[in-house]
Amino acid sequence: MSNFEPVVVVFACDYCAYTAADVAGRMNLSYPSGVRILRVPCTGKVEQLYIMQALQKGADGVLVAGCLVGDCHFKNGNLRAAARVKRVQSLLDDIGIGGERVAMVNVSAGQGAKFAEIATEFSQKIGEMGPNPIKQGAKAAA
Amino acid sequence: MITAERKPMEEIFRLIEPYGKILLVGCNECVTVCHAGGRKEVAMLASALRMGRMKLGAPLTVDELTLERQCDPEYAEELAMVVDQYDAVCSMACGCGVQTVAERYQGLPVLPMVNTEFMGSSESNGVWAERCAGCGNCVLGLTGGICPIARCSKRIFNGPCGGSTKGKCEVSPDIDCAWQLIWDRLKQLGQTELYSQIMAPKDWRTARDGGPRRIVREDMAI
Ligand code: SF4
Ligand code: SF4
């Protein structure tokens, strides 16, 4: 498991986290290459099903990255996203996948360094948890 | 509308344990509105079941289908073409939908995926509250539009009881005393004389006490 490099899907809001990731790039800050960023118009657009499907398709962890609380371009998209993430976390706990594989984070557009730090830390945490348990089950079933 | 909530996952996994291929069927009506068993919830549960079973090394094939109205034989008929391919049908509709499908496809296990709860209305986004108990003889015209059966914890007809305190029910401070609400509304309507009329004991035969009920409309039965 030592060479396990987790795949972490980040649903990043166009107005903040996505820009922050861009800033991180321009600052030449590095974060693990397993971090895959998907741009969304607002984290309020992230359906619970998107998170489930990312995991079902083999992601080891999912981050939903929205604007700082109070700064959502659409007023409360990030608050809705946080509530949805909570709901998905509890479902993931119930099915034995582990709710900690999913997290909601808030970053502003200028916080490139913070984005790189969050992506690195979360990726490390997932690395310690090990691969998405459905992969093991799929191997056993094959 | 009829409200429902998804059953706990543990119970669902137990119900479907013997099966390898299921059809998960939602309903486009009440359970869509209360976010329990519409197309989205079907997709969420399907995904959760696929992952949960894959983790256990016992993969499950789940196909998804949402009917216009599952409690209507006409729509339940839509399953006829495909149903043979499955070990079981798992329904996300209310108990009426589950039974309609079970009645039509006698040879197949039809399992409920939600707990059907009450007839209610939306108080705000994500909040539903019980409003009617289907007693078969509505008294809302005498009670200022507030139901003493569905909204009074003791279903009393000449309330309030001694437990009503500052507008709240003794069962919980989160429950409004229905009889306080009735009194306030009658005052607002200038109809307090309705409150002084003693309501006769209710004939519960129009409710469930008379056995399972049916409505027959001969003019509609072609
Ligand atoms: S089956 Fe009928 S009563 Fe039940 S949720 Fe669907 S429309 Fe409503
Ligand atoms: S009085 Fe009966 S029909 Fe009327 S709202 Fe209450 S339970 Fe429903």
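Predicted model: local features only at pLDDT ≥ 70, side-chain atom pairs only at ≥ 80, totals over all residues.
Residues are numbered from 1 along each chain as its sequence is written, chains are lettered from A and ligands numbered from 1 in the order in which they are written, and side-chain values use heavy atoms, with hydrogens and water left out.

The shell around ligand 1, where a residue is near if one of its heavy atoms lies within 4 Å, consists of Ile2(B), Cys27(B), Glu29(B), Cys30(B), Val31(B), Arg69(B), Cys71(B), Ala93(B), Cys94(B) and Gly97(B). By class (Ala, Val, Leu, Ile, Met, Phe, Trp, Tyr, Cys and Pro as nonpolar, Asp, Glu, Lys and Arg as charged, and the others, Gly among them, as polar), this shell divides into 7 nonpolar, 1 polar and 2 charged residues. Glu29(B) and Arg69(B), together with Asp72(B), are linked in a network of salt bridges, a salt bridge being a side-chain nitrogen of Lys or Arg within 4 Å of a carboxyl oxygen of Asp or Glu.

In soluble globular proteins, nonpolar side chains tend to be buried together. A nonpolar core is taken here as a set of buried Ala, Val, Leu, Ile, Met, Phe, Trp, Tyr and Cys residues joined through side-chain atoms within 4.5 Å; buried means under 20% relative accessible area, exposed over 50%, and partly exposed in between, with a 1.4 Å probe and protein chains only. The largest core has 49 residues, of which Ile95(A) and Leu49(B) touch the most other members. Helix 3 (residues 39–55) of chain B gives the largest share of this core, 7 residues; helices (H or I, at least four residues) and strands (E, at least two) are DSSP runs numbered from the N terminus. Beyond its neighbours within four places in sequence, Leu49(B) is in contact (heavy atoms within 4.5 Å) with Met9(B), Ile12(B), Phe13(B), Ile16(B), Ile22(B), Leu60(B) and Val62(B). A second, separate core of 20 residues includes Cys16(A), Val35(A), Leu63(A) and Ile126(A).

Glu41(B) is also found in helix 3 of chain B. Glu41(B) is buried yet has no salt bridge, and the nearest side chain of opposite charge, Lys40(B), is 6.7 Å away; Lys and Arg count as positive and Asp and Glu as negative, whereas His and the chain ends are not counted. Apart from residues within four places in sequence, the contacts of Glu41(B) are Val31(B), His35(B), Ala36(B) and Met92(B).

Over all chains, the structure holds 14 salt bridges. One of them joins Glu11(B) and Lys7(B), with the closest N and O atoms 2.9 Å apart; Glu11(B) is partly exposed at 24% relative accessibility, and Lys7(B) is buried at 9%. Glu170(B) forms a salt bridge with Lys154(B), at 2.5 Å between the closest N and O atoms. Glu170(B) lies in the loop between strand 8 and strand 9 (172–176) of chain B and Lys154(B) in the loop between strand 7 and strand 8 of chain B, so the pair ties together parts that are 16 residues apart in sequence. Both partners are partly exposed, Glu170(B) with a relative accessible area of 49% and Lys154(B) at 42%. A salt bridge also links Arg217(B) and Asp219(B) (2.7 Å, N to O); Arg217(B) is partly exposed at 46%, and Asp219(B) is exposed at 56%.

Most residues other than glycine have a negative phi, and most peptide bonds are trans. Asn28(A) has a positive phi, near 60°, and is located in the loop between helix 1 (17–26) and strand 2 (35–40) of chain A. Asn28(A) is exposed, at 70% relative accessibility. For Lys75(A), phi is near 75°; this residue is in the loop between strand 3 (61–66) and helix 3 (77–94) of chain A and is exposed, at 73%. The peptide bond from Gly159(B) to Pro160(B) is cis, with omega near 0°. Pro160(B) is placed in the loop between strand 7 (127–132) and strand 8 (168–169) of chain B.
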